Amino acid sequence: MENLIPGILTVVLCLAGYYTSWKYQARDNYRMALLLLVISGLFLRIYTSTDFFLHYWDERYHALVAKNLMNHPFRPTLYDTPLLPYDYTNWPGNHIWLHKQPMALWLMALSMKIFGVNEIALRLPSILMSVAGIWMTWFTGKYLAGKKAGYLAAFFFSVNGLIIELTGGRVATDHIDIAFLFFIELAVVLSIAFVQSKKPLFNMLAGMALGAAILSKYLPALIVLPVWLLIVYDSGYFSLKTIAFQFLILTGISALVFLPWQIYIFRAFPAEAAWESGMNFRHLTEVIEERTGPFYYFTDKIRINYGELIYLPLLWFLWKTIRNPRNLKMLAVSTWFLIPFLFFSLARTKMQGYMLFTAPALFIMTAVFWVMLSEIKVRSWYRHLVNVLLVLFILLPLRYSLERAKPFQISDRNPEWVKGLRQLKEEGMEKGVILNYANPVEAMFYTGMTVYPYIPDEEAVRSLVRQGYPVIVNDKGDVPPGIAALEGVRLKKLAEAPAP
């Protein structure tokens, strides 16, 4: 019941907020309407982010690396103090951890540095970036398609279940993809601000945002470049010479932001950097970690993540773009979605989060289609069909939002296994070692100890004791008698997280 009451309150407040927002929008008061969208979206994200445990994929890894970055921001580590041999090609058990670009990890580290090492501080950057995305989608949609479409696009962003789940760290790629989405959309917003103000400062800031996007999830961020070109050229304010010069400024500044890290890691950690760089490109030609699907994988996934009716606005918008390629605003939106869609559909490794940064484009397409339908002047049964479609375009995303946020599901959001790990830290065991614990990454985050999921041979355990490390062996009835009898070794039954 403890989890159910906050869930019900959240749903009631959000539904009231969205309803009132819609009323303000109908009266052309977009300032209040947008404010209520942002507040309601914030409530949904706070509720989903208040799980007081680390989620299995991939949040636990990002959390531990971010925690370690608090002490050495330019040395990303998973096992901060590896006491047993490790394989640097095995990213879930590695020492130097270059499996992801560092921007999102730095933001999480900074948040925990300020607010303490806990789950809410860990997720706070994603909450703020995700909420900011509501406003940025409004700003972008308003410029590219008008106020009403911008408002609807912001609504779709506010309630999108996948974005809300990723913000709370509940599904794979979590905070990395939220940061990637944020910085790509920020680069587009700043590009629009550059066009509207004609001030080169905004273009320079767009270059910084693009560089930060690359530092979040690497080269797919380059989708900003064709979108930037279309937006700037469409404005009619700049000569081709000026566009070329400002494009060089944009790309040059982005390179100044993201290249130093790439150079640094190849010099400081050459073996790990070379391996991870190779893995990035192998995702295109090989199936990595069984993450794959057919060519139409993303065609199917958008139905799940954006509602079953998404194909109607998508096909209609692409058809309109083909019919009128001189409408560069529509072409910019189509490009934002279509190039990544084709690219990742051809890649062998596939995950739903790969396409998240195209979400604003899909929201704008859906919003433009909705506005078009709402303005159709027909009578008889056609009008009823149109009204049904209009309602479904709103209700289906809301349904998915509730399914993802799970406000009516009774669950333990502060489980006993986490309480047990926190208790170990309170006992002053930070410098110790835990062996035979199935959740080593979570245990290292909560305790500060070095944790392994297996029991090494007796000589390795003796070596740990001789080095002065207190050793706890999780007693699951499989501890060898020789190790159990060693002085300095303590057997303890530890609660473990249930299998995912």
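Hi everyone, let's start with Ile231: setting aside neighbours within four places in sequence, Ile231 is in contact with Tyr143, Leu144, Val188, Ile192, Val195 and Ala332, where contact means heavy atoms within 4.5 Å. A quick word on the model: it is predicted, with local features needing pLDDT of at least 70 and side-chain atom pairs counting only at pLDDT 80 or more, while totals for chains, interfaces and linings use all residues. Residues are numbered from 1 along each chain as its sequence is written, and side-chain values use heavy atoms, with hydrogens and water left out.

Back to Ile231. Together with Ile184, Ile231 has the most contacts inside the largest nonpolar core, which has 162 residues. Such a core is a set of buried Ala, Val, Leu, Ile, Met, Phe, Trp, Tyr and Cys residues joined through side-chain atoms within 4.5 Å, and buried is under 20% relative accessible area, with exposed over 50% and partly exposed in between, using a 1.4 Å probe on protein chains only. Helix α8, residues 174-197, gives this core its largest share, 15 residues. Helices here are DSSP runs (H or I, at least four residues), numbered from the N terminus.

Thr167 lies in helix α7 and counts as buried, because its relative accessibility is 0%. Beyond its sequence neighbours within four places, Thr167 is in contact with Arg45, Ser49, Arg123, Ser126, Ile127, Ser130, His175 and Ile178. Ala172 sits in the loop between α7 and α8. Which residue has its C-alpha atom 4.9 Å from that of Ala172, though 115 residues apart along the chain? That is Trp57. Again leaving out neighbours within four places in sequence, Ala172 is in contact with Trp57, Asp58, Leu166 and Met351.

On to helix packing. Helices α5 (residues 119-145) and α16 (residues 359-374) pack at about 50 degrees, axes 10 Å apart; axes are lines fitted to C-alpha atoms over the stretch in contact, and angles run from 0 to 180 degrees between N-to-C directions. The pair is therefore oblique, since angles under 35 degrees are roughly parallel, over 145 roughly antiparallel, 65 to 115 roughly perpendicular and the rest oblique. From α5 come Thr137, Thr140, Gly141, Leu144 and Ala145, meeting Pro360, Ile364 and Val368 of α16.

Last pair: α14 (residues 311-323) and α15 (residues 328-346) pack at about 125 degrees, with axes 9 Å apart. They are therefore oblique to each other too. Their contact includes Phe317 of α14 and Phe337 of α15. Thanks, everyone!

Notes. Helices (H or I, at least four residues) and strands (E, at least two) are DSSP runs, numbered from the N terminus.
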